[in-house]
Amino acid sequence: MAAAETDREVPSALCSEFLQFSAKDTAAKWLQANDLPKEVYQHLARYVPKIYCLGPNLNPQSEDLLAQLLLQAPLEWYLCGEEPSTGLAKLEQNNQPSQLCGHVFKVGEPTYSCRECAADPTCVLCMQCFLGSVHKEHRYRMTTSGGGGFCDCGDTEAWKKGPYCQKHEPNISDSLQEDPLANLSADMIARTYNIFSIILKYAVDMLTWDKEDELPQGLEPPERGDTYYCMLFNDEVHTYEQVIYTLQKAVNCTQKEAVSFATTVDRDGRKSVRFGDFQFCEQAKSVIVRNTSRQTKPLRVQVMHSSVVAHQCFALKALAWLGHIIRYSDALRRILCQVGLQKGPEGENSSLVDTLMLCDSKMWKGARNVYHQLFMSSLLMDLKYKKLFAIQFAKNYERLQSDYVKDDHDREFSITDLSVQMFTVPSLARMLITEENLMTTIIRTFVDHLRHRDLQGRFQFERYTAQQAFKFRRVQSLIGDLKYVLISCPTEWTDKLREKFLEGLDGFLELLKCMQGMDPVVRQVGQHIEMEPEWEAAFTLQMKLTHIISMMQEWCASDERVLIEAYKKCLTALTHCHSGFTDGEQPITLSMCGHSVDTIRYCVSQEKVSIHLPVSRLLAGLHVLLSKTEVAYRFPEQLPLSELSPPMLIEHPLRCLVLCAQVHAGMWRRNGFSLVNQIYYYHNVKCRVEMFDKDLMMLQAGASMMDPNHFLMIVLSRFELFHIFSSADCRKRYNRENANKDVVQQNSTLIEEMLHLIMMVVGERFASGIGQVENSDELKREIVHQLCIRPMAHSELVKALPENENKETGMERVIDSVASFKKPGVTGRGLYELRPECAKQFNLYFYHYSRADQSKAEEAQRKLKRQNGEDSALPPPALPPFCPLFASLVNILQCDVLLGMLGAVLQWAVEPSGGHWSESMLQRVLHLIGMALLEEQQQLESSCEDNEVTFNFTLKISRPGEAPSNTPSVLALLETLQNAPHLEVHKDIIRWILKMVVNIKTMRERTAAAPSPEGSGHCQEETVRDKDKAERKRKAEMARLRREKIMAQMSEMQRHFINENKELFQQSLEELDASTSTSQDHSPSSWDSALVCVGPRRWRAGGGERRQVVTCILCQEEQEIRSDGRAMVLAAFVQRSTVMSKNRRRPPHNPESYDPLFMHPDLSFGTHTGSCGHIMHSHCWQRYFEAVQAKEQRRQQRLRVHTSYDVENGEFLCPLCECLSNTVIPLLPLAKTSCSEQPGLSQWLNTTSQQIKTLHAAHRKAKSATAGETQTLEDSPPPEGFRLDHTPVNPYSSSIKEMLTTFGTATYKVGLKVHPNEQDPRVPIMCWGSCAYTIQSIERLLVDEEKPLFGSLPCRQDDCLSSLARFGSACWTVSCLSTVQTHFIRLLAALVPNPQVENSPCLLDVDMFHLLVSLVLSYSAVHCLDSSGLSVDAAQLHFFHLVTVAHLVQILLTSVPVELTMDQESGGVEREEEEGVCLFYNILKTHLGSSLPEMSSGWHLWRCVKASILPYLRGAALFFHHLNGVPTPPELHALGAGEWEALCTYLCLPSNLLQLYYNYQDVLKPLVKGWCSHPGMRQCLQSPETLISFPRESNKLIELPEDYSALINQASSFTCPKSGGDKSRAPTLCLVCGTMLCSQSYCCQTELEGEDVGACTAHTFACGAGVGLFLRVRESQVLLLAGKTKGCFYAPPYLDDYGETDQGLRRGNPLHLCRERYRKIQKLWRQHSITEEIGHAQEANQTLVGIDWQHL
Ligand SMILES: [Zn+2]
Ligand SMILES: [Zn+2]
Ligand SMILES: [Zn+2]
Ligand SMILES: [Zn+2]
Ligand SMILES: [Zn+2]
Ligand SMILES: [Zn+2]
Ligand SMILES: [Zn+2]
């Protein structure tokens, strides 16, 4: 610590007093004291106000230092009785470290839980412990902590297996737990006890102190001044913005200060915003209160005396000190626990710990945090005191919860949040249930807080206020506590536990009774409901309780006595509910098919009905449990069902199911969406286990105890269908009677629903207890049916399956037996596919299918069957047998009422004219018949010889119908239907049914008669099958032939078309090669030797000019590209880029003054141009763009919608492909050139120098002429043929000229980020620069993608490069001629010294490729004045050679590493090159001397040179190819060894590059010397860290760790760089440079161009020229940003084992880096496609447009 510095800040008057202070003496005085508390208080009273809170600006550093010296040191001296450092070290030696890890989690830190071994999901490990644990190899879950809570390593109750990590593994010898106090002297214990009680009491007194101007007795300051603080407290009501605004007004601070105040208030819970006398502070307070009291309650503000604040500050410090001290010794920790829990003078619940807890909601956040932390490190770390604390906590539970409900802070800041630390420990939870009756306490407290009831005492959430809603949300945390208590089911029961659990269950049943029948609905007829009723609250409650209800059942199931008692209690509760229910319902008698039953008159469609029946459902659950334990058989008298008859049991669940059916049938449309939503949730996977599923179970339970005919009649009656089926001639009447179409439609749906319900009652046997199945069978079946719909990803399946209280579906245990996993590719995700053998388990009427699921599954399964060449029947699957308690349910299938209904529906279907039946009705009937037949078959198969099978469905369906007499039998009807033409779809299933009937009859005959030889039925079946097969085969063959015929016809047509249009095809191929450069475009191979792309010998198109014709995408007209024709343009996107930057620290240039003529070799900022390659007429484009503009203006006026593109900035979407564009590039024809004898380099340089001189003089003259000066300059005579007065003819049409200006201005505007100004001299420079930069970037991309230089680029990029290069050479025609000439003169001067040009850059500060491109492209402005026959080609070659030599020098000076390898001998040609390069290097060395290292190996040098210059040569080849339109040699179309030679030939270079130098030594020697003696040269060479060496490596995105949790860990220790040590809420990693940022937060907002932007946006401007890609670590999400307004999210490169990403980290599966996907993201970046990607994402998803990206 910087002690010297802090000392200086202490007021000098105090200094002397402080310096004289001796902690040792003070402690000694205390040891003698009679009244120690008084002494200590006096000390504190004297010093605390002198240290803390001395002015407006607190200085925590110096305060802490002084507090350490003056306050803590004497305490430590007293405690130890000696030098504290010695004493504490001794304590530490005797310390027995806790076996609990107890690491307290920071916000965002990764936590791990084992899905196999954790007792519950709240059991977590810190990263260190996890890595040293066995769970690393298990299925684990990873999440980020919300802060608070600690590592459970070492807690044996938290883990079923492996409770210790390597570090916390207990030492066997230490395991004998002795009293930690045994090692301490009695003296020491007494002293510790004394000092801990005083300090803890002091801290508690101060933190719970509520007077603003006074202090507790004994702490009054010796002198008190008029110094106050205006203290602002946090609340969760006011927003950041409100607080900031108010503070600016009230205390007159800047916005920045206000933001800082608000941030601190939010973090610490309070902050002083003003210091001064009372008046001054009071004034601020009143302004704040006034300003914030309008809509809500005002912000809490207090004016507090400075001494009060000072003592509170030290109280916090003191608690932290206690926490620190007890870390040295478990003994001290125990003493602190004792002190804390010791009863105070007020008796029960008056200990200091109690006092703190009970004042919790009154304290500010910071104080709460500190003491919660202390509790965690003391009470919760000591096993003995954890128990005692838990008891106190339970005793105070009701009060604490009530306080919390009223408190407005989040739960994480409440003491109630500690419940998880105690309640989830099974032994503690059990102890609290038995000793403190915790279960009952929690439930009672909960019920007490929900006061809104209707007349029957049920909850009523209708019309409850926002405040009640808030309270309701808070009360829900009690359910969480109850869940913790119940989460581990007891393995052993004591009588006490039974008693208390059942008492708790009583309370719970009281709660459920308040829910039974709540929110009833009545069908709305006539008019629509006026207001949607409130329904969410009730469902929230149901959802929250779902797991509790399930856990209650689990507890009951673990002990038979409890189960029976619970069952009785539940029955009583239900009876109690019913007593109020059945009033006014009159009894009636129903008769049908010779049976009759008594029931009540009740219509769902007319009376009240409720979806909430938790009591009935709990009973259903318990009933099924009883079935499993078989207690029902041993003690039938234990089931007192007499009170409630089975019809009463099923009544309410049945009503609920009928309600659903009626809603489906559209009868409840006028009741609005609230009802639809409720029905949805009733079936939804989150609720159905304790709603829909249990209602069905209750129906099954009831029906199993009833005569099936009676059951069905009641069902018919509740469905309001009884009258249809009970009438004597129902088979006829149904058709005729109902004329009302709506009613008919409704009834049809209701019949369908009812038939479905019957199927479910009989067929749903997969819950263990109902059917004879394992628990896993139910789950397997769910999965099979999900996968029957389609293959699914792991997360989709998880979502479709119910989770238990541990958030587990158990899927992993069974999935492999029913599905196989298919891995994902670079996109998409891994999928599970159903194993083919499981398809036969498919049940079309699976009870958890929605209608949509059902039809999708049906379609998929039929398709599958057809693919396998089977018939398309989807018969019901074989079912497991029922448990005995439910066995009678199968009789429903063969009872008279059902047979009557089946017959009726079949009869309706037979009548061809009877329209009032539906196919799905028939389908269901057929399914039911199939189920019955399967049942019979199974019973026959499993029956023993002597056991007669009573289930005889086949017999019953063969009998004719009874009423009216002599109607055909069901079987006869089926046979009729088989041939009905209108039932084609159902043929297969009917055939299947008839076959089954035959089979069963055969089986019966076989069992009845003696064992017969091979059943004839079997034979018959066989032949039927064969016949089917043959038929199918024939059909398939016919289909194949038909397909083939069609294909043949099509290809014939194609051929014909091509023949007819042969000319057209050839023509277009020829034209193509002008715009695209593929290998086709150079014809005979004999030309290959002549393929040179630059210089007088370059290849020229033979035989006249080549025409280039293109088509406009907007008007579809064709147009030839000519300089005097109408302009054609390419849509293009220009952007600034730092993708190739080698120096991200270089500050951005000042756009106004920056001179871009020379690009630095670090390429830190470039301008990239890309294009989608779509061509338009310029006028078509202009019209299109104007239309877009006009539309946007209208749109913006109407409503402020954002678009994915910014029209005001010239952005638009390509009309064809919607690619983001911001300008257009004109297409230009190739320039014509001629060739004659040309001068050599030296002569040419001479001529050019003369030309330059002449120009220079002319420019000077012009300048002085405008300045009015007359100066006589020595005119040098112009070289021959060079005419200054010549005005070059502009070869371009006006529309092309206009487009030249358009693109130039756009490049200038975007590249420099300035306002457009077509006159600016930098316009042409920016265009040349963009051409060079784009070529360089493409060259890198080709290397990175390992693609050959030519032939692999998509056309669009080729077109773009050609246009860029040709545009570059034409753009001087629309610029000021002398400006371009000046640029040229300056450019050339960088290589050829020119005394008239000043400040030429040093060779090492110039990127040579940029120089080459600019020289070549600017030269035309000089050449146009020449008529002497000098050729542009010659000039290009000379420039190229000059720049190449300069680059060689650059490379030799910067890029030759010290040799590491031995000199290697090579012979022949290489030898010569090595000598040449050595010689050349030594020439450089003579110029520069010791700045260059010694080099002896020519081999090494030459190798370096070749590697370093290659990118430059490749770039040059691309450039000249596109500029001059020269075809490319085949060697460059493939990767391989011949590249160097091919490049050199193509570029007209000797393959020994040094030859260039030696050929023109006379000219070059002085030039090289000049370069080396440039004043900047030595400076550059002496700072090697900034030197750029060649070849420049391609930039990569940062390396990411393989395991995602490493990133989370890294982010969790990252603190906000601005608010001193605070955790960042949204740590975000820049993938380009690896910087971690504090995103999406006020603290790190900065101002950028006059707007507030978040850390990410600000960073993009420094790091990526406005474009950025980030990884949001907490979200596991890639963020793409462009500019201030554009952004989108992108899938992260991390996948779980199931091949899925986890955006938002919700699932918590371990995530691993997928390198392919990361490479894909990197490619996006390298290709400059980020902005384009964002554009596409925003077009696809409009909600992305509305996000405030700039604040991220
Ligand atoms: Zn740990
Ligand atoms: Zn550990
Ligand atoms: Zn494990
Ligand atoms: Zn057009
Ligand atoms: Zn396009
Ligand atoms: Zn960065
Ligand atoms: Zn920050």
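This is a predicted model: local features need pLDDT of at least 70, side-chain atom pairs count only at pLDDT 80 or more; totals for chains, interfaces and linings use all residues.
Residues are numbered from 1 along each chain as its sequence is written, with chains lettered from A and ligands numbered from 1 in the order in which they are written. Local features need pLDDT of at least 70, side-chain atom pairs count only at pLDDT 80 or more, totals for chains, interfaces and linings use all residues, and side-chain values use heavy atoms, with hydrogens and water left out.

**View 1. Four cysteines hold the zinc ion (ligand 7).** Cys1616, Cys1638, Cys1643 and Cys1644 each bring in their SG, at 2.2 to 2.4 Å (donors are N, O and S atoms within 2.8 Å of the metal, or 3.2 Å for Na, K and Ca). Angles of 98 to 124° make this a tetrahedral arrangement (four donors, all angles between 85 and 135 degrees). Along the chain, the spacing reads C-x21-C-x4-C-C.

**View 2. Cys1616 and Cys1644 link distant parts of the chain.** Cys1616 sits in the loop between α59 (1604–1612) and β17 (1627–1630), and Cys1644 in the loop between β18 (1636–1638) and β19 (1646–1648), 28 residues apart (helices are DSSP runs of H or I, at least four residues; strands are runs of E, at least two; both are numbered from the N terminus). Both cysteines are buried (under 20% relative accessible area; exposed is over 50%, partly exposed in between, with a 1.4 Å probe and protein chains only).

**View 3. Cys1115 and Cys1180 are 65 residues apart.** Cys1115, in the loop between β10 (1109–1111) and β11 (1118–1120), is partly exposed at 32%. Cys1180, in helix α45 (residues 1178–1198), is buried at 8%.

Terms used: Four donors count as tetrahedral if all angles lie between 85 and 135 degrees; four count as square planar and six as octahedral if opposite donors are over 155 degrees apart and all others between 65 and 115; anything else is irregular.
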